[in-house]
Amino acid sequence: MSPVHQAVALDALVGQGITLDFAGVAGITLYGVNPAAVGAHYDAHMVGAAIQVPIEEDSVAWGDVGVIPPAPLSVRLEPGCDFYSTTRSELKTRYVQALCRELAMRKEYLKGENIETVYFGGGTPSQLEKEDFELIFDTIREHYGLNHCQEITLEANPDDLSQEYLEMLSSLPFNRLSMGIQTFDDATLKLLRRRHNARTAIEAIDRCRKADFQNISIDLIYGLPGETKERWENDLRQAISLNVEHISAYHLIYEEDTPIYNMLKQHQISEVDEDSSLEFFTLLIEHLQKAEFEHYEISNFCRPGKYSRHNTSYWK
């Protein structure tokens, strides 16, 4: 089969971190692009310049090394996501194998510098299984080493974090979890086609603590359809009450050719106005700073000393 060019998974190897960007594990998601099919020529718009290498057409490989291993996997396609996605879980093994080949191929990129962070980003890396993680970690150890690694993060959906799955994660080098909660409003979660509800998210945090994970981050989205001051403040109060170490909060962006964008254009939902957006951002800062979170990046807040080492490696 003739080789084609695909944007690779290890985009950055930023600082001393590896970003494994699992953009999409029951499917395939590539940040910033919308290719017609796997095997097309991809122009990726990720952090840093995308590097393209020839690979076999039946291989599935792309992502970030910051180190970020990307998992282009999704159980359900989300209406606000403009990445190319598929729910074809049978591609998972091929993807992980291709990712490990690429990690090996890039082993000279850091020129002997020690890896300090590893970030398994979404997509849905919490759809990976133990043997997938073990293969990736073994590859990183062999070619980069993990002895100096301070932070290893896994992005996860709340409903993936069962007691059994967390016990499996506890047996691996992960020391930080990042959970995509988005909101605690069940009606909005249903609109976003999320598989979890507020109760599922809260119970997942509790299970993480019982599994001895002491560094937990959650993601929130504001400016969602029908957002009000009261609803956003309720999200913030609930998030603070969970006593997590880190909170990221992002304003919803309506990307063209996504289901939620089409809903907007068909007047099925309405976009919040600029004054409301500013009010929501101000409330975010006020509530989290009052709760003694440090505002260390535009969208990121942490308990003292609990900033994301991987995130800050991009600009420090």
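**Ground rules.** I number residues from 1 along each chain as its sequence is written, and side-chain values use heavy atoms, with hydrogens and water left out. In this predicted model local features need pLDDT of at least 70 and side-chain atom pairs count only at pLDDT 80 or more, while totals for chains, interfaces and linings use all residues.

**Confidence.** I looked up pLDDT, the predictor's confidence in each residue, from 0 to 100. The protein has a mean of 77, with 71% of its residues at 70 or more. Residues 23-66 fall below 50, yet this stretch has 196 contacts (heavy atoms within 4.5 Å) beyond near neighbours in sequence. Residues 72-86 are also below 50, with 78 such contacts. Where pLDDT is low, the predicted coordinates should not be read in detail.

**Helices 1 and 2.** Helices (H or I, at least four residues) and strands (E, at least two) are DSSP runs, numbered from the N terminus. Axes are lines fitted to C-alpha atoms, for helices over the stretch in contact, and angles run from 0 to 180 degrees between N-to-C directions. Helix 1 (residues 92-105) and helix 2 (residues 130-143) have axes that come within 9 Å and cross at roughly 5 degrees. The two are therefore roughly parallel (angles under 35 degrees). Helix 1 contributes Lys92, Val96, Leu99, Cys100, Leu103 and Ala104, and helix 2 contributes Asp132, Leu135, Ile136, Thr139, Ile140 and His143.

**Helices 6 and 8.** For helix 6 (residues 229-241) and helix 8 (residues 274-290) I found axes within 10 Å, crossing at roughly 25 degrees. This pair is therefore also roughly parallel. Residues in the contact include Trp232 and Leu236 of helix 6, and Phe280 and Leu284 of helix 8.

**Aromatic pairs.** I counted seven aromatic pairs (ring centres of Phe, Tyr and Trp, its six-membered ring, within 6.5 Å; planes under 30 degrees apart are stacked, over 60 edge-to-face, the rest tilted). Among them, phenylalanine 120 and phenylalanine 133 are edge-to-face, at 5.6 Å centre to centre and 70 degrees between the planes. Phenylalanine 120 is in strand 5 (residues 117-121) and phenylalanine 133 in helix 2, so the pair ties together parts 13 residues apart in sequence.

Terms used: Angles under 35 degrees count as roughly parallel, over 145 as roughly antiparallel, 65 to 115 as roughly perpendicular and the rest as oblique.
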